[in-house]
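Me: Hi! I'm new to this one, could you walk me through it?
Reply: Happy to. Here it is.

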Amino acid sequence: MFYYIARIAVYIVLMIFYKPRFEGLENVPKDKGFILVSNHISNFDPIFVAVKVKPRCYFMAKEELFRNPFVSLIIRGLGAFPVSRGKGDTAAVEKAVGYVKEGKVVAIFPEGHRSPDGKLQKLKSGAVVIAAETGGGMQPCVVRKGPKKGLRTPVVIRYGKFISHEELGLTGRTPSQIRSANKLLTKTLTDLLEETDV
């Protein structure tokens with residue numbers, strides 16, 4: 001209940017400070033678990049990518065955010081769980097795998113950090129590894145901001161064509177398959193960014 005009330009509240013805040021436009025929502029599955037992957041340009045990205053997705057989204061969030069008890073309580077209620085960045089956090093990966101296998105949506109920003117210039121940075125392989133472990137597909141998404149107009153900043157959130165597990169080519173978890181799937185994901189997000197106008 002907290003999640004859905006909070007989602008309504010943050011959407012109202014979103015509409016006050018931003019002028020969001022959502023594109024491609026028809027591409028988002030509503031009846032199965034998958035991995036939602038997006039570029040990362042601001043702290044508001046989790047709200048942007050999840051607020052219009054009907055299935056509840058669960059997020060990997062850097063462990064530093066959970067050190068404050070009050071903040072931890074709120075973000076856990078919103079579906080976040082901690083990950084130790086750069087340490088090969090197997091517990092976080094296992095939790096994400098479990099969520100997808102249960103038919104839930106796990107949202108990941110595979111760049112691992114915010115892009116300083118809005119351009120897509122090199123993707124880490126965590127999202128692809130989760131897909132390999134679960135047999136799940138990926139929902140690509142990009143967020144682009146325009147220059148501020150008055151009190152509001154225009155933002156476009158665009159969901160691309162769903163990438164099935166078969167299209168990822170993950171019959172196992174070999175390094176070559178992981179690299180190939182990550183290359184496909186990189187091209188997909190890059191193309192989406194180039195095709196998206198604010």
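**Getting to know the fold**

Reply: From the N terminus on, the elements of the protein run α-β-β-α-β-α-β-α-β-α-β-β-α-α. Bear in mind that this is a predicted model.

Me: How many helices and strands is that?
Reply: The secondary structure amounts to seven helices and seven strands.

Me: And why does its radius of gyration agree with a compact globule?
Reply: Because a compact globule of 198 residues would have a radius of gyration near 16 Å, and the protein has 16 Å. Along the principal axes, its C-alpha atoms fill a box of roughly 50 × 40 × 35 Å.

Me: What share of the residues is buried?
Reply: Of the 198 residues, 47% count as buried.

Me: What about contacts between residues at least 6 apart in sequence?
Reply: In that group, 68% join residues at least 24 apart.

Me: Let's switch to the surface. What is it made of?
Reply: The accessible surface is about 10,600 Å², and 57% of it belongs to carbon and sulfur atoms.

Me: Where do the charges sit on average?
Reply: There are 31 positive and 18 negative charges, and their mean positions are 5 Å apart.

Me: Buried or exposed?
Reply: His40 counts as buried, because its relative accessibility is 12% and the cut-off for buried is under 20%.

Me: Which residues does His40 touch?
Reply: Leaving aside residues up to four places away in sequence, His40 touches Asp45, Phe109, Glu111, His113, Arg114 and Ser115.

Notes
Residues numbered from 1 in each chain as written. Predicted model: local features only at pLDDT ≥ 70, side-chain atom pairs only at ≥ 80, totals over all residues. Heavy atoms only, no water. Helix = DSSP H or I, 4+ residues; strand = E, 2+ residues; numbered from the N terminus. Rg over C-alpha atoms; globule rule 2.2 N^0.38 Å. Buried < 20%, exposed > 50% of the residue type's maximum accessible area, 1.4 Å probe, protein only. Contact = heavy atoms within 4.5 Å. Areas by Shrake-Rupley, 256 points an atom, 1.4 Å probe, with all protein chains shown as cover. Lys, Arg positive; Asp, Glu negative; His and termini not counted. Charge placed at Lys NZ, Arg CZ, Asp CG, Glu CD.
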